[in-house]
Structures are given as C-alpha cells and as structure tokens.
Amino acid sequence: MITIPDNSSDKTIAKLPPKSGGNKFLQTINVILNPVSSLEKSQKRYGDIYLADFSSLPSQIVLSNVQAIEALFTADAKILESGSGSAIVEPLIGPNSLILLDGDRHLQQRKLLMPPFHGERMRAYGQIIRDITQQVTNQWTVGGNFVARSSMQDISLQVILRAVFGLKEGERYQQIKEVLTQMLDTFNSPLSAVFLFFKSLQRDLGAWSPWGKFIRRRQQLNELIYQEIRERRHHPESQGDDILSLLLSARDENGEEMTDVELRDELMTMLFAGHETTAIALAWALYWIHYIPEVREKLLQELNSIDVANADPSVITQLPYLNAVCSETLRIYPVVFFSLPRILKAPMQFMGYDLPKGTMLSVCTYLTHHRPDIYPESKRFRPERFLERQFSPYEFLPFGGGNRRCIGSAFALFEMKLVLATILSNYSLELLDTVPLKPVRRGIAFAPNGGVNLKVKDKFSR
Ligand code: HEM
C-alpha cells in the first residue's frame, strides 16, 4: 500500500487526508487532558485517517484504519524513522535510548535487548515474580484498603530492578526505587504531564519548580545508576544473567564496549518503558475483574484447577480465560494510546494520498480497539471476544507493531498473568470505587482515575 512516487520531488501536495479544524492550542490541551472524547470526536468527524494539527507538537496523520496500519507496520523500515518523533521522552531516557535510535544502530540494539525478554531467560524470572508478589501483598491486612496502581508499581519496579539491573535487596536498590518513583511522579497528574509536551515550560526555576524538581531527581538517579555500572565493571565476577550484565559484555563491530552514558540511557529506557506500563495494565485488570463479578468467578474457576504457587509458569501463562482477561484489559483502555510515531524519509503514496517527506504518521491504538466493525459493543469489557475469534496484529495492537514493536511484550504478559494468578488465588478483594473509572494521563501512559481502590476482604490459608 506504500509506494515511493518515481518522479517525486517536494512539489505541491496532490492530496492530504482531511485536517482537523479549530484552535490548535485547544486541540493540543484537549488531547492531553481529555484524550478519549477528543479522539473519538475527531474520528467521527474526519474518519479513520485524518491529519491532526497541534501546537507545540508536530502535525500528524492519525490512523485507526486497519489496512493503513498494516501498510505502515509492514513498510520497509528504511523509508521510515521514529526517533526524532519521540523527542518528548528524551529528558527521561536520554538520547542513546533504543526509542530514539533509528537505522542500523536501532536494529543492532534491538537484537541485543530482545533475547533476555523471551524464552528460557524470561521463564527464569517466573519464581522471582511470584515471590515479589507475595512479598508486596503480605503488607496488605485483612479489612484494610490499598490502591492497586501503587501496589502493582511496587511489584513491577522490583521485578524490573532484578531482571534488568540484577539488583538484589540492599541500600542502592531501595534508593533507586525511591528516587525513580518520585521522578516519575513529577508527571503523575494530567496537568503536570503538560510539561513533557511544551518545551517552553522545561525551565529549571529552582528546586521547588516542577522542572527543577525533576532535573534534581534525575541527577540523583543518574548518580545511583553510574555507581552501579562502575561497580559492575570493576567486579566482572559479579555478572549474572540480568540485562546490565549482558550489555556490559556486548561489543560492537569494532570491538568497542558501550559507554557509561549509553548504558545509562538503555537502563533508563527499560525502567521507564517497562515498569509503569505493566503496573497500569495490572491495575486495570484488577479493576475489571472486580467490577464484573462473572469475570472474577470464571477466572477463579480456572485458577482453582491448578496449584498457582508451585505450577510451572507456562501452565499459568497458557490458561485461556486468564489470557483473554489480559487481552481485553489491554484492548479496552490500552496503556499507551498511540504507537511511536513514524516519519516519512521520502515523499510517499499512502492509501491514495500523496504524502510529502517529513510527514508524521501515528497509529491510534485506542481508536482501532474501539472500531465497531472489529469489536462490537466495544465499551463493554468482554474477555470472551478473545476466545471466540483471533484478531490480526493490525486489529489488536497494545504493543504496537512492525520494527518498533515493544520488546517487552512477552515479558509484560508473562508478569501480568503470574501476578494476577498469585493475587487472586491468595486474596478475596472488593472494589471500593463506586463510579466507572476512566483513563487519565500519567506521563505518556493512561492509568485508571484514582488508581483503583480495593479492600482486602479475606486471605486464604493454603
Ligand atoms: C503492559 C506493558 C507494556 C505496554 C502496553 C507497552 C507498550 C509499548 C508500545 C505501544 C510501544 C511502541 C511500539 C510501536 O511503536 O510500534 C512500546 C515500545 C517499547 N517498549 Fe513496551 N510496553 C509494555 C511493557 C514493556 C516492558 C516490560 C519493556 C522492557 C522492559 C518495554 C520496553 C519497550 C521498549 C524498549 C520499546 C521501544 C522499542 C523500539 O523503539 O524499537 N515495554 N511498548
């Protein structure tokens, strides 16, 4: 569906998709603060391929058309780039992050980072994930309340610090946990997320100003990460099967090792991309499971058929209804509403439009996941839809697609299933939120409003 015109020059644009009208600034604020309604309105008005015109952010073509998504995700990676379109996250992850790289360097880093998140390497974390879940949930008291998003973040952060950094309990582990949580909390409200989108607001006006606070926390975190890197370089005998060990031993085609700054950026990328996303997905799952009693009952029936604490992780991850619940959770409110943007490196014919070089295309996961032709009654949480039919990777895409598809997707699903199975087989919980929860922005992700408030009704003795 994508072709590069033979006689392409940057002359007049023959045809562009319909452009969203109205005040650019208001559109930008609306998509940051009220993403669901503003995206739905635009799709209704302009269709499933439209040009969104923002202030401060580049204009971009928003796609929720399945053929267009397939064309984009299967296009030759050489004619698209992504890094420059994700500059918004650079202050968090640094310029050497996989997310910001393109071309050969991107491919090379992906090859290095993918294997530890799959197969045997990943399965080795099965027991660690169950142990961490037990440890965190042991702090819950019967009759007491907790906020699911915070508890799940506690679990997913510990999992990633073990799997990626190879850190065990200790002072540095505690410090990194604390500083990272505070740093990410800088953007925890929809309004503070505005700082990420407007460069002009990113000014250090002292330790109490929002950006100043963020910079100081980032500095603290950098120091802790550099200390760990230096220590590990000087003690090669302490290398394990974590990702930092793998990166420390990696050499490029010239035999060069990664620099401390490159290592820091990749570690930050995995911390940033990997733990809060998984925690939010888990919080949504706990919400839906306890919001719809039949879903919980069906899930408990399935879990009661196995010994969750001792089963091989693959027995848990292959449970069909648990898989359907996780998929439906990631469909109805995807943790990230958009894939990373793709930018054309040359003029292109795309779905009948002539797009100039530099055009930015963004796949909107949220809108695609609510197409009535693919997902009837899309606002209903109905895991059965994943048992009744298979969806193509261009219809169901919580982890994006093509050459930038999330490298942690298998790991995230593995973790989600083990954590949910462990919690549900040990605790009886009750949802305290009485109104339906909506997604609100946390940095670039969308989390349940209020974090999902739950009460511990009972703890089963096993
Ligand atoms: C439920 C949890 C998660 C969700 C919903 C999620 C979602 C996504 C999405 C939508 C993308 C963009 C893909 C694209 O543009 O095509 C992405 C990229 C990425 N994710 Fe995840 N992710 C999750 C967990 C993780 C984990 C656990 C890790 C690793 C520790 C991770 C690391 C990354 C990285 C490094 C990229 C950039 C890939 C590249 O640029 O080549 N993510 N993720």
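So, let's begin with the ligand: sorted by class, its shell is made up of 14 nonpolar residues, nine polar ones and four charged ones. Keep in mind, please, that what you have on screen is a predicted model.

Which residues come nearest to the ligand? Out of the 27 around it, those are His106, Arg110, Leu340, Arg342 and Cys406.

Now for some individual atom pairs. On histidine 106, a polar side-chain atom sits 2.7 Å from one of the ligand's oxygen atoms. Leucine 340 comes in through its backbone instead: a polar atom there is 2.8 Å from an oxygen atom of the ligand. Then there's alanine 273, where a polar backbone atom lies 3.4 Å from a ligand nitrogen. And if you're thinking in terms of secondary structure, the elements giving two or more residues to this shell are α5, which is 103–113, and α13, which is 260–291. Of the elements, α13 gives the most, with seven residues.

Okay, leaving the ligand, let's jump to an arginine. Find the loop between α17 (365–368) and α18 (385–388), and you'll see arginine 371 in there. Is arginine 371 buried or exposed? Its relative accessibility is 15%, and the cut-off for buried is under 20%, so arginine 371 counts as buried. What is arginine 371 in contact with, once you leave aside the neighbours within four places in sequence? That would be Asp48, Ser64, Asn65 and Val66.

Last stop, the sheet. Here we've got three strands in an open sheet, ordered β5-β13-β10, and the pairing is antiparallel. At the edges are β5 (145–147) and β10 (427–431), each of which pairs on one side only. How much are neighbouring strands turned against each other? On average it's 40°, if you ignore direction.

β13 covers residues 453–459, and three bridges join it to β5, with the two running antiparallel.

Helix α19, residues 409–426, lies across β10 and β13. Relative to β10, helix α19 runs at about 95°.

That's my tour, so over to you for comments.

How values were computed. Residues are numbered from 1 along each chain as its sequence is written. This is a predicted model: local features need pLDDT of at least 70, side-chain atom pairs count only at pLDDT 80 or more; totals for chains, interfaces and linings use all residues. Side-chain values use heavy atoms; hydrogens and water are left out. A residue is near a molecule or strand if one of its heavy atoms lies within 4 Å of it. A polar contact is a pair of N or O atoms within 3.5 Å; within protein, one must be able to donate a hydrogen and the other to accept it, and residues adjacent in sequence count only if both atoms are side-chain atoms. Helices (H or I, at least four residues) and strands (E, at least two) are DSSP runs, numbered from the N terminus. Ala, Val, Leu, Ile, Met, Phe, Trp, Tyr, Cys and Pro count as nonpolar, Asp, Glu, Lys and Arg as charged, and the others, Gly among them, as polar. Buried means under 20% relative accessible area, exposed over 50%, partly exposed in between (1.4 Å probe, protein chains only). Contact means heavy atoms within 4.5 Å. Two strands pair if DSSP finds at least two bridges between them. Axes are lines fitted to C-alpha atoms, for helices over the stretch in contact, and angles run from 0 to 180 degrees between N-to-C directions.
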